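Open the model in your viewer and keep the selection tool at hand. This tour goes from stop to stop, with something to select at each one.

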Amino acid sequence: MKRALTLISTLLLVAFMAFGCGGEKKDEKKAEAPKAGIKIGTLSPLTGQYAADGNDIKNGVLAAVEVMNAEMGPLGPVTVQAEDDACDPRQAVAAANKLISEKVTAVVGAYCSSATIPASEPLMAAKILMITPASTNEKVTESGLKYMFRTCGRDDDQSKAAVKFAVEHLKAKTIYLVDDKTTYSQGLADSVEKLAPGAGIKVLGHEHVNQGDKDYSAVLTKVKAAKPDVFYVSLQNSASAAPMLIQVARLGIKTKILAQDAVYHPQLMELAKDAAEGVYLTFGYTDKETPAYKQFYDTYKAKFGEPGAYSAYAYDSALAYLKAVKAAGGTDADKVNAEMRKVDFAGASKQIKYKENGDSGSNYVIQVVKGGKFENFWNPENGQLFSK
């Protein structure tokens, strides 16, 4: 009997210890479980000929997350899932679906309008907010997409600024245009071509090249023969524009060159060197003396080096979303969507305030390459040169 009682006591003690140890392990696992936090995605070309701009967008978002993480409280931490769309419509859709499967609550991107527009379809269906820092084609926000926002300007506004500058400052009577047949580049060139005659500018020609072309001699020979007052260059990025500018210089074409926001990148001067000197281009105005810009610049520069063309727009896009999440108290798409239309803050790129259709307004000015740097040159709002 005594042996039986001893055995029972031993078994009970073992069972109790096993139960106790198991409970402690469960408590430990519970204590060590990571917070759910917020995951936002980026969609941009991380490889290929547009990789410089695409990585600028990704890095702009990462800089914003670094600034905002300390402010998110129990909603944080914020993490970033970056996907490569290669500026290709099919790859953009696949990347968007990957981000959906990763359960991101918002996507900052894309760069190319030809990637943003198709990628927006699955994202909208999944009720995931999309904020583009770089896609300027009007169609991005003209399809009535509920969760679509744009932090940069629009091509219809950019083309008006370009034509106004050509007429009022360059006193142009003729223009020759070239684009690379992308949704963005051709759409912008088409808009300039449409506006030019009404402004008193005769269109002498409108040629198309292919993405990735290296030899532009056939087109440039026509431009040289036509002798336009302005040669309007609408290409998808600075890596495409640089070889064209070099060949313009080699052929001795003396016309004024007016480009657009896609060629606004430090690598334009790195690649084209002196051939970029004196080139005009349209880009959104940014006051680099504001506290908001300086905070962005210091944060970005410390981690990634000099900002690119759309780094500040990507930074502001992520900031706007995270501010809206804070105001909504969570990531519910409809609540955040409503709060996005209430945001109104001094961003790094400009004052960030979205309209009902998701646009944030355009503030294009004319810049010029001078001494190997971009400088604000002419303000379309008042027709005046920027003072030093």
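Select Pro-77, which sits in the loop between helix H2 (51-68) and E2. This is a predicted model. A cis peptide bond joins Gly-76 to Pro-77, with omega about 0°.

Next, select Ala-110, in the loop between E3 and H4. The peptide bond from Gly-109 to Ala-110 is also cis, with omega near 0°.

Go to Ala-86. Ala-86 lies in the loop between E2 and helix H3 (89-101). Its phi is positive, about 55°, although Ala-86 is not a glycine. Is Ala-86 buried or partly exposed? At 28% relative accessibility, Ala-86 counts as partly exposed.

Lys-181 is another such case. Its phi is positive at about 70°, and it is not a glycine. Find Lys-181 in the loop between E6 and helix H6 (183-195). Lys-181 counts as partly exposed, at 45% relative accessibility.

Why stop at these spots? Most residues other than glycine have a negative phi, and most peptide bonds are trans.

## Second stop: the whole protein

Zoom out. The protein has 12 helices and 15 strands. Its C-alpha trace spans about 115 × 40 × 40 Å along the principal axes. Of its 388 residues, 53% count as buried. Take the contacts between residues at least 6 apart in sequence: 69% of them join residues at least 24 apart.

Select strands E1 to E5. They form an open sheet in the order E2-E1-E3-E4-E5, and the pairing is parallel. Which strands stand at the edges? They are strand E2 (78-84) and strand E5 (148-150), and each pairs on one side only. From one strand to the next, the twist averages 20°.

Now pick out strand E3 (residues 106-109) and strand E4 (residues 129-132). They pair in the parallel sense over three bridges. Click on Val-108: its bridge partner in E4 is Ile-131.

Eight strands line up as E7-E6-E8-E9-E10-E13-E14-E15, with mixed pairing. Strand E7 (202-208) and strand E15 (384-385) stand at the edges with a single partner strand each, so one side of each has no neighbour in the sheet.

Select strand E13 (residues 364-370) together with E14. These two pair in the antiparallel sense over five bridges. Lys-370 has Lys-373 as its bridge partner in E14.

Stay on Lys-373, which is in strand E14. Lys-373 is exposed, with a relative accessible area of 58%. Leaving out residues up to four places away in sequence, Lys-373 touches Met-269 and Val-368. Now draw a distance from Lys-373 to Asp-287: C-alpha to C-alpha, they are 16 Å apart in space, and 86 residues apart in sequence.

Two helices lie across strands here. H5 lies across strand E8 (230-234), strand E9 (256-259), strand E10 (280-284), E13 and E14, running at about 60° to E13. H8 lies across strand E6 (174-179), E8 and E9, at about 155° to E8.

Select Ser-240, in helix H8 (residues 238-250). Ser-240 counts as buried, because its relative accessibility is 7% and the limit for buried is under 20%. Which side chain does Ser-240 join in a polar contact of 2.9 Å? It is that of Asn-237. Not counting residues up to four places away in sequence, Ser-240 touches Gln-49, Tyr-216 and Leu-235.

## Last stop: the rings

Show the aromatic side chains. The whole structure holds 18 aromatic pairs. Take Phe-165 and Phe-377: their ring centres are 6.2 Å apart and their planes are at 90°, so the pair is edge-to-face. Phe-165 lies in helix H5 (residues 155-168) and Phe-377 in strand E14 (residues 373-379), so the pair ties together parts 212 residues apart in sequence. Phe-165 is buried, with a relative accessible area of 0%.

Now select Tyr-50, Tyr-111, Tyr-264, Phe-283, Tyr-310, Tyr-313 and Phe-374. They form one aromatic cluster. Finish at Phe-345, where Lys-323 lies over the face of the ring, 5.1 Å from its centre.

Note on methods:
Residues numbered from 1 in each chain as written. Predicted model: local features only at pLDDT ≥ 70, side-chain atom pairs only at ≥ 80, totals over all residues. Heavy atoms only, no water. Pairing = 2+ DSSP bridges. Helix = DSSP H or I, 4+ residues; strand = E, 2+ residues; numbered from the N terminus. Axes fitted to C-alpha atoms, helices over the stretch in contact; angles between N-to-C directions. Phe/Tyr/Trp six-rings, centres within 6.5 Å; stacked < 30°, edge-to-face > 60°. Buried < 20%, exposed > 50% of the residue type's maximum accessible area, 1.4 Å probe, protein only. Lys NZ or Arg CZ within 6 Å of the ring centre and 35° of its normal. Polar contact = N/O pair within 3.5 Å; in protein donor to acceptor, adjacent residues only side chain to side chain. Contact = heavy atoms within 4.5 Å.
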